[in-house]
Each structure stands twice: as structure tokens, then as C-alpha cells.
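The following report is meant to be read alongside the sequence and the coordinates. It moves from the overall fold to the sheets, and then to the ligand and a single loop residue.

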Amino acid sequence: MSGVNIQGLSIKFGANEVIKRLDLQVREGEFLVLLGPSGCGKSTLLHSIAGLIDVSGGRIHIGGTDMTDAEPSERGIGMVFQSYALYPTMTVEKNMSFGLRVAGTPKAEIARRVTKAADMLQLTPLLARKPAQLSGGQRQRVAIGRALVREAGVFLFDEPLSNLDAKLRAELRRELKLLHQTLGNTMVYVTHDQVEAMTLASRIVVMKSGVIQQIGTPAEVYERPANLFVAGFLGAPA
Ligand code: ADP
Ligand code: MG
């Protein structure tokens, strides 16, 4: 049971209500994409699921448990952000295992998970390298690997591909899709890129100014946009 249930969520920065009484059910095992223009509140919504910011109102349940006030480490989630922020002095292997070591995971279990994630992400030949010896795409794979080893029920991605060139983005899109098919975890993925949303999502949530405009499969939102904003945004180049 690792869906996410968001009810009446409100997030304010001072007087600025960035998320406005938002309701959203993320189904277990789906690849849900939050799509919308810069500043519409995608990262804020994702950070609230992760427990990185306080909510002003509403509840967030993860896997059936009320996690509104839980610490990030208690929520059963893994996260990947746009900037890779790898530890520069550690090898790929150490970067991937660091969080598990801190959490006191047994060595054999760490080795099992790192081997599995490295294999899925084609990082096995690179495990002894330092981040400076990697390409941008390889670094972002390590960042994804670092989240994967948590073997969390829910993965949160915040524009993880936006620093990469078009060819690498396409390649990593295919890999992410494959990963999801293999793992079957719940994915919540933030992007402002329509192509990314269309190719990855089982359902797309289109947002504008902290309010959901439409939720549907890629075909539904593309062929039957709920309003002019959705039609215009999906039609516009990324
Ligand atoms: P997106 O990820 O869709 O680009 P964000 O969630 O980052 O949008 O931001 C939504 C709005 O909230 C923006 O107007 C942004 O300026 C504001 N905002 C985000 N984080 C903070 C913060 N820590 N303090 C004040 N305002 C913030
Ligand atoms: Mg953002």
C-alpha cells in the first residue's frame, strides 16, 4: 500500500498561498506527472509530500498512514532532484550507499541493493569512479541510483532531466520508464516539459497557480483538454 492521498492541502509563504486547497489521489504503482509552467507550485507540492516544508492546512497520507507531520525519513519515500548534488570526494558506490550506511542498514543488504541499482542503471563499470570522472548523464543516473537503493514505495522526482541535453533526456526517459515497469513503485514526477509528461505518465496532473486544472491520461488531456489553459499549455513548445 503506497499510494499518496492529499486532502485540502494549502501551502502559504507569508500571505502568498502557493497551493490552494488541493485534493489529489496518487494511485499505488502509477507514474503520475505534475505538469505546469514555472512557478505554478509543482516543487512546493512535491516538497510537501517529502516533508521538506510545513503545510498550512490539509492532510497527506502515504501508504494509508497520516504523514502530514512526519519527518522526511519516516515517510517511505525516495527523492531525485534537478541538481545532482553528489558527494564529490566519494566514489559512485559510496554515493549510492551513503544514506543506507547512515541509516544503519546491514552491510550485506547495502551491497545487494547497490549491486541491483547499479545494474539497472548501467553503473556497474563506474562504481569506483568519483563524480568528476562522470558525464552529466552518468551523474544523474547516480542520483537516481541513490534514491533507488532506498527501495521506497514512493519515488519523487523534481525535474531530474532538465539539466541534460535532448539526446540524454530521451535516453533517461526510456530508462525511467523501464525502471518503473520493473519496480512497479509509485512515481510522482514534476516537469514543465510536455514531451516528458506525455512519454512517461500513466496520468498527468496539469497545474496552474496552485490549482489543478485537469487530471487524466496523456491521451485524455491532449485530446480533450478541460479548458483553454490546458489546451494552450499542451500545445506550446517546451
Ligand atoms: P514550480 O516548481 O512549479 O516552478 P514552485 O513550487 O517552486 O513552482 O513555486 C511556486 C511559487 O511559490 C512561486 O511563486 C515561488 O516564488 C514561491 N515559492 C517557492 N518556494 C518559496 C519559499 N521558500 N519562500 C517563498 N516563496 C516561495
Ligand atoms: Mg520547480
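Two strands count as paired if DSSP finds at least two bridges between them. The model discussed here is predicted, and in it β9 and β10 form a hairpin that has two residues between the strands, with S209 taking a positive phi near 50°.

**Overall fold**

The protein chain contains eight helices and ten strands. Its radius of gyration is 18 Å, close to the 18 Å that the globule rule gives for 238 residues, so the chain is as compact as a globular protein of that length. Of the 238 residues in the protein chain, 37% are buried. When contacts between residues at least 6 apart in sequence are considered, 66% of them join residues at least 24 apart.

**The open sheet**

Four strands, in the order β2-β1-β4-β5, make up an open sheet in which the pairing is antiparallel. The edge strands are β2 (16-26) and β5 (65-66), each of which pairs on one side only. Within this sheet, strand β1 (residues 4-13) pairs with β4 over five bridges; N5 has H61 as its bridge partner in β4, and I6 has I60. The antiparallel pairing of β4 with β5 rests on two bridges, and here I62 stands opposite T65. These two strands form a hairpin with two residues between them, where G63 in the turn has a positive phi of about 55°. Helix α1 lies across β1, β2 and β4, and runs at about 120° to β1.

**Strand β9 and its partners**

Strand β9 (residues 203-208) is joined to strand β3 (residues 31-35) by four bridges, and the two run parallel. In this pairing L34 stands opposite V205. With strand β10 (residues 211-216), by contrast, β9 pairs in the antiparallel sense, over five bridges, and K208 stands opposite V211.

| Strand pair | Sense | Bridges |
|---|---|---|
| β3 and β9 | parallel | four |
| β9 and β10 | antiparallel | five |
| β1 and β4 | antiparallel | five |
| β4 and β5 | antiparallel | two |

Which residues lie around ligand 1? They are F13, V18, G36, S38, G39, C40, G41, K42, S43 and T44. By class, this shell has three nonpolar, six polar and one charged residues.

D54 is found in the loop between α1 and β4 (57-62). Is D54 buried or exposed? A residue counts as exposed if 12 or fewer other C-beta atoms lie within 10 Å of its own; D54 has 10 other C-beta atoms within 10 Å, and is therefore exposed. D54 and K177 are 123 residues apart in sequence, and their C-alpha atoms are 31 Å apart in space.

Notes:
Residues numbered from 1 in each chain as written. Chains lettered and ligands numbered in written order. Predicted model: local features only at pLDDT ≥ 70, side-chain atom pairs only at ≥ 80, totals over all residues. Near = placed C-beta within 6 Å. Nonpolar A, V, L, I, M, F, W, Y, C, P; charged D, E, K, R; others polar. Rg over C-alpha atoms; globule rule 2.2 N^0.38 Å. Buried ≥ 20, exposed ≤ 12 C-beta atoms within 10 Å, placed from the backbone. Contact = placed C-beta atoms within 7 Å. Axes fitted to C-alpha atoms, helices over the stretch in contact; angles between N-to-C directions.
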